[in-house]
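Here's a quick briefing to read alongside the model. Have the sequence and the 3D view open as you go.

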Amino acid sequence: MFNISDNVTKVNLINRRLFIVTAAKILVFLGLSTRLYSLQVKDKNKYLTLSDKNRIRESKLPPIRGEFLDYFGKTIAGNNEVYQLHLIPEQVENFRYVSLRLKNILNMSERQFQRLLKKKNEVKPWDTIVVSDNLTWEQFSRVNSYLYELTGVKSVLSITRIYPHKEDFTHVLGYVSQANEKDVLENEDIKKKFVPGLRVGKTGLEKAFEKELLGENDIQRFEVNAYGKKINQIELQKGSKGKNIRLTIDTEIQKYCGELLKDRAGSICVMDIYTGEIIAMQSAPSFDPNLFLFGINQDDWQLIRNNPLKPLVNKTISGKYSPGSTIKPIVALSALENKIVSPQFTVKCEGKTEMYGQTYHCWKKKGHGFVSLKNAMKQSCDTYFYEIARRLGVDRLSETAKKFGLGERVFENLFFNEKKGLVPNTQWKKKALGSGWLLGETMITGIGQGYIQTTPIQLCLMTAQIANGGYKIYPKITVDTETNFLDKYEPLFTEKKNIKIIQDSIFSSTNEVMGTSYSSRINDPKYRFAGKTGTAQVKRITAEERELDLKTSEIPYEQRDHALYVAYGPTENPRYALSIIIEHGGSGGTTAAPMAKKLFKLIIDRHKLREEAKDNKFLDI
């Protein structure tokens with residue numbers, strides 16, 4: 001018998017199942033639609049980028065480095081075309097076989113061959129390995145004739161650094177070499193633009209101006225297949241060359257300074273006394289920076305490294321020397337400014353003076369007799385300066401010396417290797433050595449010996465500021481550098497007449513009979529200069545040695561005095577200052593001052609050319 005209740009139950013069951021199935025279909029449909037929307041619309045850019053990453057590969061080319069120009073626009077660090085050989089591992093079917101073929105074609109050493117094999121494991125498969133970055137024309141031609149059988153190998157015409165003046169600018173510009181891990185980690189710009197074989201500044205201005213010089217990479221974009229093999233280039237994004245930087249240096253003067261320093265260790269720097277522009281900054285001995293471009297060989301490196309005259313040291317900014325008698329103008333000025341002495345103050349020099357059981361010698365055994373400030377400066381009488389330093393005290397002397405730029409970095413943080421030197425005072429000794437200052441230490445500081453240490457560039461700045469009438473200047477080595485310091489051109493003196501007294505005294509040292517550099521004078525007013533000699537001891541002289549009174553040539557080289565000279569000119573209308581230091585050169589009057597005589601003629605003769613090249617007028621102070 002048909003039961004209505006059972007039929008109703010069955011219909012309800014069917015309806016419920018239909019509802020569940022339909023609901024499930026709707027949920028699945030909604031899920032699929034949502035996912036599809038997410039893939040197609042919401043995350044379109046994300047998946048497009050991922051897709052492009054699989055499809056497109058980027059390849060950066062080395063950026064072209066900006067050049068250094070001298071004051072007249074001549075290139076002193078430029079770029080040169082070189083023949084390179086590149087290898088892309090992913091395009092090579094048998095890497096070892098191709099490497100062996102290259103070894104034979106290029107006559108590579110076993111070490112070079114092993115280095116090439118090692119490089120493969122250090123780069124991504126699609127990166128470029130620079131097999132050689134400086135092929136000769138013969139090697140380049142030979143490789144090209146075999147390229148048809150060397151898939152993945154490319155001969156490339158590339159750009160690299162060149163220093164046309166070789167060793168003349170080494171200590172100013174520094175040099176570039178291949179970037180290492182430390183360069184990449186320490187410099188974000190290098191990290192961003194790094195490609196295998198990228199050359200970056202290692203020292204000097206090449207390092208200081210890395211950011212400006214680097215330029216932007218050319219970027220090539222390639223379409224690749226599923227195996228990562230390049231199919232075709234789809235875009236080339238052109239980069240840009242780095243900034244050219246024009247220096248204040250005159251190449252002709254810089255080169256001549258190098259000639260004057262030939263076969264010697266030392267420094268010459270020349271500065272404009274109003275603008276602070278560095279005209280020359282030479283350190284000797286030097287070396288050819290081109291040696292480092294493609295990796296210096298062991299023999300050349302050992303020659304440079306083991307040279308006892310230390311060519312790796314930039315003596316102009318890193319060399320620390322006792323200033324000797326070149327400090328005397330500052331000692332005299334400090335004494336006048338602090339009203340310790342008058343220009344008429346006189347001291348009797350008998351060749352030596354006794355103080356608290358110690359004997360302090362003058363360079364002239366028989367003494368200078370009675371000397372005033374001017375005569376003491378002219379003849380560089382040590383006894384006079386012992387006495388005024390004793391009366392002045394080291395703290396007041398230190399204060400004046402620091403005002404004129406001693407004991408501080410001249411270029412602030414431009415050169416990472418610039419030294420501060422040391423201008424001591426009582427507080428320094430207590431803090432550094434834990435003992436009190438002694439009066440005898442003040443006396444020897446007064447003649448530029450003892451703890452005091454200066455760099456050649458500091459002595460040049462000191463002299464420039466005396467020559468310009470006692471006004472603060474900030475040296476600069478690049479034309480475009482702005483030095484808008486608040487104290488620029490501020491007076492460094494209390495009474496202007498004191499600067500004039502010092503200038504007259506320095507003038508007498510070179511241009512009056514009995515002056516210590518009288519034999520190096522120039523009578524022609526066009527070239528006439530004023531200067532102060534210095535002779536700095538490098539060891540304490542024993543009584544026996546003083547009695548022997550040996551000539552410089554009879555003393556072992558490393559025990560000879562350093563020869564110094566600071567000067568400015570022309571005296572009628574001063575414009576340039578210089579400092580010269582010759583390590584173990586003996587007397588400043590016989591070694592350094594004659595160099596200044598030769599150099600001033602060239603400096604003055606080239607002054608008109610500088611004026612014609614200048615765009616802006618000088619500040620009249």
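Buried here means under 20% relative accessible area, exposed means over 50%, and partly exposed is in between (1.4 Å probe, protein chains only). This is a predicted model, where local features need pLDDT of at least 70, side-chain atom pairs count only at pLDDT 80 or more, and totals for chains, interfaces and linings use all residues. Residues are numbered from 1 along each chain as its sequence is written, and side-chain values use heavy atoms, with hydrogens and water left out.

**Aromatic rings**
- Rings of Phe, Tyr and Trp (its six-membered ring) pair if their centres lie within 6.5 Å; planes under 30 degrees apart count as stacked, over 60 as edge-to-face and the rest as tilted.
- By that rule there are 18 aromatic pairs.
- Tyrosine 175 and phenylalanine 292 are a stacked pair, because their ring centres sit 4.1 Å apart with planes at 25°.
- Tyrosine 175 is buried at 13% relative accessibility, and phenylalanine 292 is buried at 7%.
- Tyr175, Phe287, Phe292 and Trp301 make up one aromatic cluster.

**A strand pair**
- Strands (E, at least two residues) and helices (H or I, at least four) are DSSP runs, numbered from the N terminus.
- Strand E17 (residues 530-536) has six of its seven residues buried, so the rest of the structure largely encloses it.
- E17 runs antiparallel to strand E18 (residues 562-569), joined by seven bridges; strands pair if DSSP finds at least two bridges between them.
- Alanine 530 sits opposite tyrosine 568 in E18.
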